[in-house]
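How does one read the packing of side chains in a protein model? The dialogue below takes up this topic.

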Amino acid sequence: MRAVITIGLILIILLTLGLAFSTVFALEEVDYVDRDAVNEIIEQREEARSVIDDFEERYGNRAYGWTAFILETIQWISIPVCFLGIAVGAICHFAIGTRRLDMRHRGSRLMYAFGTLLVICQALPLIFALVVRGWVS
């Protein structure tokens, strides 16, 4: 038993050293910069900055602009995440839940939770816009 543990530890140490040396040598070989990738990153940064500036101009305040930008980003990200969660919940409820009652309950809870989260994430930017535009202007 000790021999197996010793051999395992030696292999882990050798593997770690090999990865460390290969990383160091790979970093030394890279001495160029991909100008196209750098230009693309700069363009994406400028596009995001212009979108944030539009939000700041629309809401008249930097904090409100950033909040609206973050809420809109959450709104777009929540759609695929919530649909995936609803699909997993439906699989648990309808496919696995035919044999196991606990999985059926878990699936229905997942569907309710992700459905509620989807409605909240979709309605929150609208509520924010109504409140800010109604009270500030």
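Predicted model: local features only at pLDDT ≥ 70, side-chain atom pairs only at ≥ 80, totals over all residues.

Q: Which residues make up the largest nonpolar core?
A: In soluble globular proteins, nonpolar side chains tend to be buried together. Here the largest nonpolar core consists of six residues: Phe55, Tyr59, Ala68, Leu71, Phe128 and Val132. Two or more residues of this core come from each of α2 (35–59), α3 (62–96) and α4 (101–136).

Q: How is an aromatic pair described, and how many does the structure hold?
A: A pair of aromatic rings is described by the distance of the centres and the angle of the planes. The structure holds four aromatic pairs. One of them joins tyrosine 59 and phenylalanine 128; this pair is tilted, at 5.7 Å centre to centre with 50° between the planes. Because tyrosine 59 belongs to helix α2 and phenylalanine 128 to helix α4, the pair ties together parts 69 residues apart in sequence. Both tyrosine 59 and phenylalanine 128 are buried.

Q: Why is the pair of tryptophan 66 and phenylalanine 69 edge-to-face?
A: The ring centres are 6.1 Å apart and the planes stand at 85°, so the pair counts as edge-to-face; the cut-off is an angle over 60 degrees. Both residues lie in helix α3, three residues apart, about one turn of the helix. Together with Phe55, Trp66 and Phe69 form one aromatic cluster.

Q: Is isoleucine 12 buried or exposed?
A: Isoleucine 12 counts as exposed because its relative accessibility is 53%, and the cut-off for exposed is over 50%. With Ile5 and Leu9, Ile12 forms a nonpolar patch on the surface, with about 300 Å² of accessible area together.

Key
Residues numbered from 1 in each chain as written. Heavy atoms only, no water. Patch = residues over 30% accessible without salt bridge, like charges linked within 9 Å, V, L, I, M, F, W, Y side chains within 5 Å. Areas by Shrake-Rupley, 256 points an atom, 1.4 Å probe, with all protein chains shown as cover. Salt bridge = Lys/Arg side-chain N within 4 Å of Asp/Glu carboxyl O. Buried < 20%, exposed > 50% of the residue type's maximum accessible area, 1.4 Å probe, protein only. Core = buried A, V, L, I, M, F, W, Y, C linked by side-chain atoms within 4.5 Å. Helix = DSSP H or I, 4+ residues; strand = E, 2+ residues; numbered from the N terminus. Phe/Tyr/Trp six-rings, centres within 6.5 Å; stacked < 30°, edge-to-face > 60°.
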